[in-house]
Amino acid sequence: MFHLLGMGRQSSPKTELLSGLTVALALVPEALAFALIAHVNPLMGLYAAFLMAFITAAIGGRPGMISGATGATAVVMVALVASHGVEYLFAALLLMGAIQITVGALKLGKYIRIVPYPVFLGFVNGLAIVIFLAQLDHFKVKGADGALHWVVGTPLMVMLGLIILTMAIAHFLPKLTRAVPSALVAIVVTSLLAIGLVALFPDLHTKTVGDISSIAGGLPSFHLPDFPLTWDAFLIVLPYSLVLAGVGLIESLLSLQLVDDVTETRGQPNRECMAQGVGNIACGFFGGMGGCAMVGQTIINVESGGRGRLSGMAAGGFLLLFILFLAPWIELIPLATLVGIMFMVVIGTFEWGSLRLFGRVPKQDVFVGLLVALVTVFTDLAVAVITGVIVSALMFAWNHARELRITRSLNAQGQQVYEIKGPLFFASTAKFSEAFDVHHDADEVILDFAQSRVVDHSALEAIDSLADKYRAVGKTLHLRHLSPECRQLLKRAGDLVEVNIKEDPLYHVADEVR
């Protein structure tokens with residue numbers, strides 16, 4: 001049975017359930033905060049956390065990973081909710097889910113593997129900074145003037161004390177025992193301490209989950225979005241759905257890769273894409289705000305021992321219990337406790353080893369990592385990752401373009417010989433085209449590609465164009481050691497190719513990465 005639930009060898013039912021409970025407690029303030037960011041009912045954030053956590057844990061491709069309402073998707077939703085209302089958001093979630101299922105069905109999730117490691121480092125470091133900065137809002141309270149002010153004086157000292165105690169328990173308890181998740185022990189101990197302090201000093205108030213919003217509610221009910229089935233309405237939600245699907249999949253698949261690294265196991269990205277889609281469709285029908293994988297809660301789960309499906313399903317189940325029956329108790333948990341737990345997540349998420357890479361790895365890799373981290377902090381995750389991949393690709397192309405070497409000589413027969421060394425592709429075609437002296441070369445010119453590889457169609461076009469130039473001045477061009485694929489794709493220079501079956505290379509031009 002436990003094998004079917006996806007639990008690893010080091011997991012046990014008790015560990016999985018307790019880890020799920022810890023995650024559920026940490027999910028509550030995050031779900032409420034993200035719902036407020038998106039300008040929707042706070043219960044929509046909790047319903048999304050319940051549905052996403054349970055569904056993706058049950059059928060997803062990465063046991064141990066936690067999904068729920070996230071800030072990355074909330075900031076995209078807010079414009080749609082403000083302009084057209086929450087019913088349009090539900091419709092957008094249905095389309096978002098369909099797009100994600102399609103991505104998984106077409107097996108496109110595997111392409112997350114092309115994300116360079118510096119981009120991944122920048123992603124986790126930037127995300128750690130974002131999680132840290134998000135906690136600072138809990139150090140503010142609303143004043144009599146309605147504005148937010150920083151907590152000061154005794155309340156600040158109490159809050160800092162609870163945070164430090166939480167972090168101390170989370171750090172040192174695992175050195176003594178791992179029978180119970182340390183984060184759960186920290187929540188219980190600091191919550192009882194805070195309740196005791198308030199009982200002894202009635203004038204002392206510590207911010208609690210209940211200060212954000214009440215979490216009491218009923219079961220989520222099935223609801224068809226009140227959405228006009230017209231082309232114009234579809235065009236309104238389509239851009240939001242595409243962005244939400246992209247943001248959700250990028251964060252989810254990078255989180256999957258992070259868990260793969262931590263647990264030294266291999267997830268199934270395409271299956272996770274489809275599970276994310278099913279979860280978001282369920283949110284669209286049952287009143288959740290949708291979402292994707294959550295790095296912070298995933299780290300809490302993995303560090304607490306939750307490596308299987310049961311922990312994520314339990315987190316969703318406990319959230320539902322909180323909503324239905326336990327809201328008055330959960331609302332007493334100090335926000336300082338949850339801030340302390342998230343600070344531990346920040347410490348665990350940030351790749352501290354990356355600080356030692358300065359001067360040890362190529363400068364361009366350091367630049368990409370810093371760029372992705374900064375863009376993650378100041379914009380959003382999807383933009384950061386896409387920017388990092390594009391910059392990495394351009395740097396790779398630039399560096400490899402510099403590897404092209406062309407030597408010019410005359411052979412014993414008086415023929416002009418050009419030996420091409422290095423890859424010929426879109427970034428090196430300009431250098432290739434400038435290397436030839438068409439008007440002053442001998443009447444017979446030989447291009448030897450024995451030490452080169454023609455990579456793409458830009459390179460083929462450059463060869464064709466060079467052949468035209470020599471033909472225009474009445475000179476004969478010979479192309480040697482080109483692959484059969486190149487010979488077939490050359491349009492105008494194909495008849496100039498000398499075929500040597502034993503020596504010509506075999507490779508595919510512009511072939512799909514397998």
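**Burial, contacts and a surface patch**

Trainee: Is Ile-195 buried, exposed or partly exposed in this predicted model?
Mentor: Ile-195 has a relative accessibility of 40%. Buried requires under 20%, and exposed requires over 50%. The value falls in between, so Ile-195 counts as partly exposed.

Trainee: How much accessible area do the residues of the nonpolar patch have together?
Mentor: Val-188, Leu-192 and Ile-195 are among its members, as are Phe-325 and Leu-332. Together, the patch residues have about 810 Å².

Trainee: Why does Ala-282 count as buried?
Mentor: Ala-282 belongs to helix α10 (residues 269-286). Leaving out residues up to four places away in sequence, Ala-282 touches Leu-51 and Ile-55. The cut-off for buried is under 20%. Ala-282 is buried because its relative accessible area is 13%.

Trainee: How far apart in space are Ala-282 and Leu-94, C-alpha to C-alpha?
Mentor: In sequence, 188 residues separate Ala-282 and Leu-94. In space, their C-alpha atoms are apart by 7.9 Å.

Trainee: Which backbone oxygen does the side chain of Thr-429 reach?
Mentor: Thr-429 lies in helix α16 (residues 429-433). Thr-429 is buried, at 15% relative accessible area. Its contacts beyond four places in sequence include Ser-458 and Ala-462. At 3.1 Å, the Thr-429 side chain reaches the backbone oxygen of Phe-426.

How values were computed:
Residues numbered from 1 in each chain as written. Predicted model: local features only at pLDDT ≥ 70, side-chain atom pairs only at ≥ 80, totals over all residues. Heavy atoms only, no water. Helix = DSSP H or I, 4+ residues; strand = E, 2+ residues; numbered from the N terminus. Buried < 20%, exposed > 50% of the residue type's maximum accessible area, 1.4 Å probe, protein only. Contact = heavy atoms within 4.5 Å. Polar contact = N/O pair within 3.5 Å; in protein donor to acceptor, adjacent residues only side chain to side chain. Patch = residues over 30% accessible without salt bridge, like charges linked within 9 Å, V, L, I, M, F, W, Y side chains within 5 Å. Areas by Shrake-Rupley, 256 points an atom, 1.4 Å probe, with all protein chains shown as cover. Salt bridge = Lys/Arg side-chain N within 4 Å of Asp/Glu carboxyl O.
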